[in-house]
Amino acid sequence: MKMQNIASLAAAGTLVVMACMVPPRVEAQTIARRLSSVRDGKVRMSFAAKDDICGYDNGISTNAHEQRSGKRSNFGSNRYSEDVAYDNDCSEGPVRVVVQYQGGALAKIRTYVGGRWKPASSDVTDIGTVSTKDATDYLLGIARTQSGKAAGEAIFPVTLADSIQPAQPIYSIAKDNTRPNEVRDQAIFWLSQLDDDRTVGMLDDILKSSSNPQIQDKAIFGLSQQRSGKGLAILRDFAERDGASDDLRGKAIFWLGQSRDDGGQYLRGLYTRIHSAELKDKIIFSMSQQKDAASEKWLLDIVRNGSENIEVRKKALFWAGQTGASMQELASLYGGMSEREMKDQMIFVFSQRQEKAAIDKLMDIAKNDNDREARKKAMFWLGQSKDGRVSAFLADMINR
């Protein structure tokens with residue numbers, strides 16, 4: 001081989017070695033290192049968004065292509081966004097994140113989708129478009145290590161990133177007892193919003209393994225949000241768990257009551273199997289939210305049942321009166337009442353009804369009831385009424 005060629009190869013080899021020794025480009029460094037010198041101001045970055053997500057002036061919409069109403073937002077409800085301008089109703093990607101620093105500390109993270117950046121002021125640093133991996137690694141790092149509101153806000157944009165499976169890392173944050181509750185709360189909430197079948201088991205594990213009531217409460221809510229309905233079976237099991245607190249069992253009962261998936265039938269059955277007055281109250285309220293004929297009849301059956309605790313009957317009567325029981329049925333119930341407390345409660349229920357028949361019944365009680373105390377109570381509530389007929393009625397009663 002000629003000496004000239006050998007020299008050329010040697011020179012080329014030297015260049016390769018030198019190239020390997022050159023520090024990586026700034027763009028390839030981690031986002032955290034790139035932002036380490038920022039003390040005050042905002043940093044903007046963008047990265048690829050999932051399909052079927054779009055943004056607008058005050059929110060982010062999921063299932064955009066299917067024209068559904070699912071919306072989620074973590075930057076308030078002000079009409080116009082602070083950092084991004086929108087030219088149409090729903091603008092697809094990218095995800096736009098603004099990280100705000102004060103005195104070198106993270107103060108706030110705002111998340112948008114689509115649109116275009118508004119003109120930057122002097123305190124804004126724009127690091128451009130970054131990879132979803134770099135962005136989510138950076139944001140998850142904040143959630144894992146920082147405290148304060150911004151640490152929780154870092155989780156939401158991770159759920160919007162394209163080609164990322166965020167369930168496992170978010171679950172790890174939710175399970176981490178060393179993280180502040182406000183960060184774990186956000187992790188559990190956004191975990192419950194992911195379209196990932198694994199999240200039901202993750203939320204179940206958080207509920208059953210945690211000893212933190214606030215975290216268990218969030219897990220109960222998260223299970224109630226599962227579109228598959230699988231979370232409801234877990235909530236039913238928890239509602240019947242004798243070792244759990246009445247407060248948390250009551251939360252499970254509440255969310256079961258919001259379900260139209262045979263929730264009413266299940267709760268009516270559960271009522272007969274529990275002894276806690278607090279939980280019975282929760283079931284009565286939940287049944288009042290069902291707003292169907294079977295639930296209404298069940299409430300009125302509780303009212304009629306003289307073997308039930310009278311406070312329970314009063315609550316059943318109140319909610320029956322609030323949620324649609326007919327005045328005809330309530331008025332007929334009054335005729336069969338003998339207990340003072342139940343009669344007083346019935347008169348109060350009449351006073352809360354905004355209909356002519358309720359005033360008619362109160363005037364009938366005030367005029368004709370054999371019970372003097374009942375007449376006095378009816379007169380009192382009639383005095384609070386704005387019905388035009390009441391003034392003449394009361395004047396007539398007084399002048400008798």
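**Backbone, cross-link and totals**

Tutor: Asp 52 is buried, with a relative accessible area of 16%; buried means under 20% relative accessible area, exposed over 50% and partly exposed in between, with a 1.4 Å probe and protein chains only. The model is predicted, so local features need pLDDT of at least 70 and side-chain atom pairs count only at pLDDT 80 or more, while totals for chains, interfaces and linings use all residues. Residues are numbered from 1 along each chain as its sequence is written, and side-chain values use heavy atoms, with hydrogens and water left out.

Student: Where is Asp 52 found?

Tutor: Asp 52 sits in the loop between strand S1 (41–47) and S2. Helices (H or I, at least four residues) and strands (E, at least two) are DSSP runs, numbered from the N terminus.

Student: And what is the phi of Asp 52?

Tutor: Its phi is near 65 degrees, a positive value in a residue other than glycine. Ser 163, which is not a glycine either, has a positive phi of about 60 degrees.

Student: Is Ser 163 buried or exposed?

Tutor: Ser 163 counts as exposed, at 66% relative accessibility. Its place is the loop between helix H5 (155–158) and helix H6 (167–175).

Student: Changing topic: how many disulfides are there?

Tutor: The count comes to one disulfide, where a disulfide is a pair of cysteine sulfur atoms within 2.5 Å. Cys 54 is joined to Cys 90, with an S to S distance of 1.7 Å. This pair links distant parts of the chain, 36 residues apart: Cys 54 belongs to strand S2 (residues 53–56), and Cys 90 to the loop between strand S5 (84–85) and strand S6 (91–92).

Student: What is the handedness of the link of Cys 54 and Cys 90?

Tutor: The link is right-handed, with 70 degrees about the S-S bond. Cys 54 is buried at a relative accessible area of 2%, whereas Cys 90 is partly exposed at 32%.

Student: Which residues does the cis peptide bond join?

Tutor: It joins Gly 93 and Pro 94, with omega about 5 degrees. Pro 94 lies in the loop between S6 and strand S7 (95–102).

Student: What about the protein chain overall?

Tutor: The protein chain has 20 helices and 10 strands, and 46% of its 400 residues count as buried. Among contacts (heavy atoms within 4.5 Å) with a separation of 6 or more, 63% are between residues 24 or more positions apart.
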